[in-house]
Amino acid sequence: MTSTIKPRSPEELRQAVEWALNDGTTLDVRGQGSKIALGRPMSCGQVLDLSGVSGIVDYAPEELVVTLRAGTPIGEVEALLAQRNQMLAFEPPDLGPLLGREAGQGTLVGAVMGNLAGPRRLSAGAARDHLLGFSGVNGRGEAFKSGGKVMKNVTGYDLSKLLAGSWGTLAVLDQVSVKVLPAPDQTRTLLLLGLDDAAAVSAMCAAMGSPHEVSGAAHLPGRTALRIEGVAPSVEARLKGLRDLLAGTGAAMEELGTLESRAFWREVRDVAPLAAARDAVVWKISCPPTEGPAIVARLKALRPAAEAFYDWSGGLVWLALPASADADHVAVRGAIGATGGHATLIRAPEAVRAVVPVFHPQPPALAALATRVKESFDPRRLFNPGRMG
C-alpha cells in the first residue's frame, strides 16, 4: 500500500520534494483527492497530500484579490468571498459527485491546475485568466514563484498560463493569488422550450452576439437557458431585449428568478444531468459552437443511447455513452474530425482509463514542445507520472 507524505507548510513541502528527488520516488500529488479518478491511473511511490498546506493567506476585497494555500477547499474560499458579496467569476465546477465522490471536497488550486471553469467561461474567461501569481516547487526541488497580486505583472514569463491545465505534472504549488469579482445583485434566466439542438445553438449564438451581456448559455434536452446578471433595472431591460430578439424562434419562453437561476446554473456547472447514471462513460468535448450538434448527431447515429447537453453557447458538449471496454474513444474523436476541437475522457472505470488516451492526442509538434516543457520543470518525472498519458 502506498504511504502518504503530508506536509504542513511550504518549507515542509519543499523538503518532501527534495527527499523524493534524492530517493528517486515518484509522487501522486493531490489536494483533497476529489479528482483523482480523472486521468490515466498512476502507480507512484508516495502520495503527496497537500490538504495540510491550507488556509487563506490574505484577502484584499478592495483590490479584488485572494491569496490562499494549495489545500484550501473551494467552499472555504467561496464562503469568505460571499461575506463581501464577491465571487470566483470563472465558476470552478465541483466534479466530485460526477466522479463518485462527495460534493464540496475540491480545492481551488485543483480547479486551477485542471483549468476548469463553469458556464461563465464564455464571458469571464478560463481559470488560467484569473490566476495572478503562485509559488511552488519544481521537479528539481527548487522553490520558485511567478506573477503577483495584480493583472499587469511583467516581471517575467507568464507561467500561470503554463501551469493551469497541467494537472500537477509540472510543479507542486503551495500558494496562489486569484482575481475575484463583485457578485451580481440579481440573476435571471430566460428559458426557450422545445428547440432541437441545432436551433438551440443558433439561438444561443444570436444571444451571445447581441448587446444584452449574456453570462451563460446552455442547452439541455427541451430547454435552452440564457443567463442575465446585474442590477435589477438593467436585468429587466436586457431580458426584454432577449425576448424580442428570439421571438422569431417560435419557442415558448419562461423565466427563472434569482434563486432558481442559481440552482439551475450550479447543476450545469457541476454536470449534474449526467452524474446519476453511474455506469455511463462521460466525455467533455470542446469544439466550435456551431459544430456541436453535428458532432452529437454523428455519435448518436453510432450510439443511439448517447446523452448530451451543451454549455458555453454550444462550444462545450458534455456527452454520456453506455459503458464499453474502450469508452468508444475512436468514435468520439472521429466524430470531431476536421471540425476542430478536442475530447477529454472525464469519467470511466480505471481499467478503461489505463488503455484509452484520456486527454486528446496532441499533434507531433505540440507533443514535442510539451515534452521539452516537462524536461524543464520536472526532468526526473516525479510529479503525477503518466496521468496525462
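Q: A charge sits over a ring if NZ of Lys or CZ of Arg is within 6 Å of the ring centre and within 35 degrees of the ring normal. Over which ring does the charged end of Arg-227 sit?
A: First, a heads-up: this is a predicted model, where local features need pLDDT of at least 70, side-chain atom pairs count only at pLDDT 80 or more, and totals for chains, interfaces and linings use all residues. Residues are numbered from 1 along each chain as its sequence is written, and side-chain values use heavy atoms, with hydrogens and water left out. As for Arg-227, its charged end is 4.8 Å from the centre of the ring below, and that ring belongs to Trp-265.

Q: And what does the charged end of Arg-121 sit over?
A: Here the distance to the ring centre is 5.5 Å. The ring under Arg-121 is that of Trp-312.

Q: Is Trp-265 buried or exposed?
A: The cut-offs are under 20% relative accessible area for buried, over 50% for exposed and partly exposed in between (1.4 Å probe, protein chains only). Trp-265 has a relative accessible area of 2%, so it is buried.

Q: How are the rings of Phe-264 and Trp-265 arranged?
A: Rings of Phe, Tyr and Trp (its six-membered ring) pair if their centres lie within 6.5 Å; planes under 30 degrees apart are stacked, over 60 edge-to-face and the rest tilted. By that rule there are four aromatic pairs. Phe-264 counts as buried at 7% relative accessibility. Its ring centre is 5.2 Å from that of Trp-265 and the planes are at 85°, so the pair is edge-to-face.

Q: Which strands does the pair of Phe-134 and Phe-144 tie together?
A: The two ring centres are 5.8 Å apart with planes at 85°, so this is an edge-to-face pair. Both Phe-134 and Phe-144 are buried. They sit 10 residues apart in sequence, and since Phe-134 belongs to residues 131–138 and Phe-144 to residues 143–147, the strands joined are E7 and E8.

Q: Which side chain makes a polar contact with the side chain of Ser-215?
A: Ser-215 is placed in strand E12, residues 214–220, and counts as buried because its relative accessibility is 7%. Leaving out residues up to four places away in sequence, Ser-215 touches Pro-119, Arg-120, Leu-122, Ser-123, Arg-227 and Glu-229 (heavy atoms within 4.5 Å). The polar contact spans 2.7 Å, and the side chain on its other end is that of Glu-229.

Q: How many of the eight residues of helix H10 are buried?
A: Helix H10 covers residues 329–336 and is mostly covered. What does the covering includes E15, helix H9 (292–302), strand E17 (316–321) and E18. The buried residues are His-329, Ala-331, Val-332, Arg-333, Ala-335 and Ile-336.

Conventions
Helix = DSSP H or I, 4+ residues; strand = E, 2+ residues; numbered from the N terminus. Polar contact = N/O pair within 3.5 Å; in protein donor to acceptor, adjacent residues only side chain to side chain.
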